[in-house]
Amino acid sequence: MRYLDADAVRALGPRAAVQAICDALRDGLDPAADTPRAAVTLSHGQFLLMPSEAVGAAGVKVVTVAPENPARGLPRIQAAYLLFDRETLVLRAILDGAALTIVRTPAVSVAAVLARLPDQPVRIAVVGAGPQAVAHVATLAAFRPLATVTYLARDPSRTSVDAISLGSDHAAEALRGADVVVCATSARSPLFDSALLRDDVVVIAVGAHEPGARELDAALLGRGTVIVEDVATALREAGDVVLAIAEHTLTAADLVPMRDVVTGAVAASADRPLVFKSVGMSWQDLVVAQAVMAQPGMACHGPADPGHGQSSGG
């Protein structure tokens, strides 16, 4: 049994992670067949369990959410990934779950929107300044040169990156000029007026994964092509989608599964916004964990240290 720390997981790199996601979908993986995420209530928080099975392997990510931890100087969210042989169910590896989430989430996002990214240096506006915000920029940069990157934060004083206030005129200007907008926040209501965005913009929203929380307004989803990981999962967990449907700007029939986009079965229109709404699914962790394990010279260490790392959501 091997333990792969955060460095070993990150060593996969964004291009290989995106390729692994695309290859899996093109080879027949069906996100609709994935096992839904399960939440288990504990006395001081909860487990989020994310199991999945694929050719050659099965795995489960165990995420712990401990709301009292920040006051103790500990991460609120921690995670470990357990990778098993599919036939014998022998434990093959434990991977740093927080690092796995940081790698796979932007890989899924970029796989979903890659066909619509401009073929020239892109201007990116990023709402949020945490690990997922930074990771999305790095993954986009692996596929397109970046003209500008502007981080927008509700409270720039609390961020470790150079960010501007989300409500400022500069922020509005960045949103108007953006080729790509990434939303990676803990917001529960729309972050900005989508009327600021161009008709050819690509929007990635990964922060909200509850039916009552959203980062984008209903108007944007109503005028855009909306890609989701899986329709049933989005209708259950994606507040941006659920609330837009409730406000009658979107219907379930409008949703496009990312598998159809990656395989070329559906081509998104270039004259309306492209919105990718992600909530995170178990198959994604398994696909990327297998890719990490397949690396030459894979790092191998001793017993797992359960106390490091933080991810944002599942």
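Helices (H or I, at least four residues) and strands (E, at least two) are DSSP runs, numbered from the N terminus. This is a predicted model, in which local features need pLDDT of at least 70 and side-chain atom pairs count only at pLDDT 80 or more, while totals for chains, interfaces and linings use all residues. Residues are numbered from 1 along each chain as its sequence is written, and side-chain values use heavy atoms, with hydrogens and water left out.

**View A. Leu89 in the loop between β5 and β6.** Let us start with a backbone detail. Leu89 is a residue other than glycine, yet its phi is positive, near 60 degrees. For context, most residues other than glycine have a negative phi. Leu89 counts as exposed because its relative accessibility is 54%; here buried means under 20% relative accessible area, exposed over 50%, and partly exposed in between (1.4 Å probe, protein chains only).

**View B. An open sheet of 6 strands with mixed pairing.** The strand order is β1-β6-β5-β4-β3-β2, where two strands pair if DSSP finds at least two bridges between them. At the edges stand β1 (2-4) and β2 (38-42), each pairing on one side only. From one strand to the next the twist averages 20 degrees. β1 runs parallel to β6 (residues 91-96), with 3 bridges between them, and Leu4 has Leu95 of β6 as its bridge partner. Helix α10 (residues 282-293) packs on this sheet and touches β1, β3 (45-54), β4 (57-65), β5 (77-85) and β6; contact means heavy atoms within 4.5 Å. The direction of α10 makes about 65 degrees with that of β3; axes are lines fitted to C-alpha atoms, for helices over the stretch in contact, and angles run from 0 to 180 degrees between N-to-C directions.

**View C. The hairpin of β2 and β3.** There are 2 residues between these strands, which run antiparallel and are joined by 5 bridges. Ala39 has Leu48 in β3 as its bridge partner. Look also for Phe47 in strand β3, which counts as partly exposed because its relative accessibility is 30%.

**View D. An open sheet of 8 strands with parallel pairing.** Its order reads β9-β8-β7-β10-β11-β14-β12-β13. β9 (163-165) and β13 (256-257) each have a single partner strand, so one side of each is left without a neighbour in the sheet. Strand β7 (residues 122-127) and strand β10 (residues 180-183) run parallel, joined by 4 bridges, and Val126 stands opposite Val182 in β10. Helix α3 (residues 97-113) packs on the sheet, touching β11 (202-205), β12 and β14, and its direction makes about 150 degrees with that of β14.

**View E. Thr150 in strand β8 (residues 146-153).** Thr150 counts as buried because its relative accessibility is 16%. What does Thr150 contact, leaving aside its neighbours within four places in sequence? The residues are Ile124, Ala125, Val126, Ile164 and Ala174.

**View F. Helix α8 (residues 239-246) and its buried residues.** Gly239, Asp240, Val241 and Ala244 are buried in this helix. Their cover includes α6 (218-223), β12 (225-228), α7 (231-237) and β14 (274-277). After α8 comes His248, found in the loop between α8 and β13. His248 is not a glycine, but its phi is positive, about 65 degrees. With a relative accessible area of 73%, His248 is exposed.
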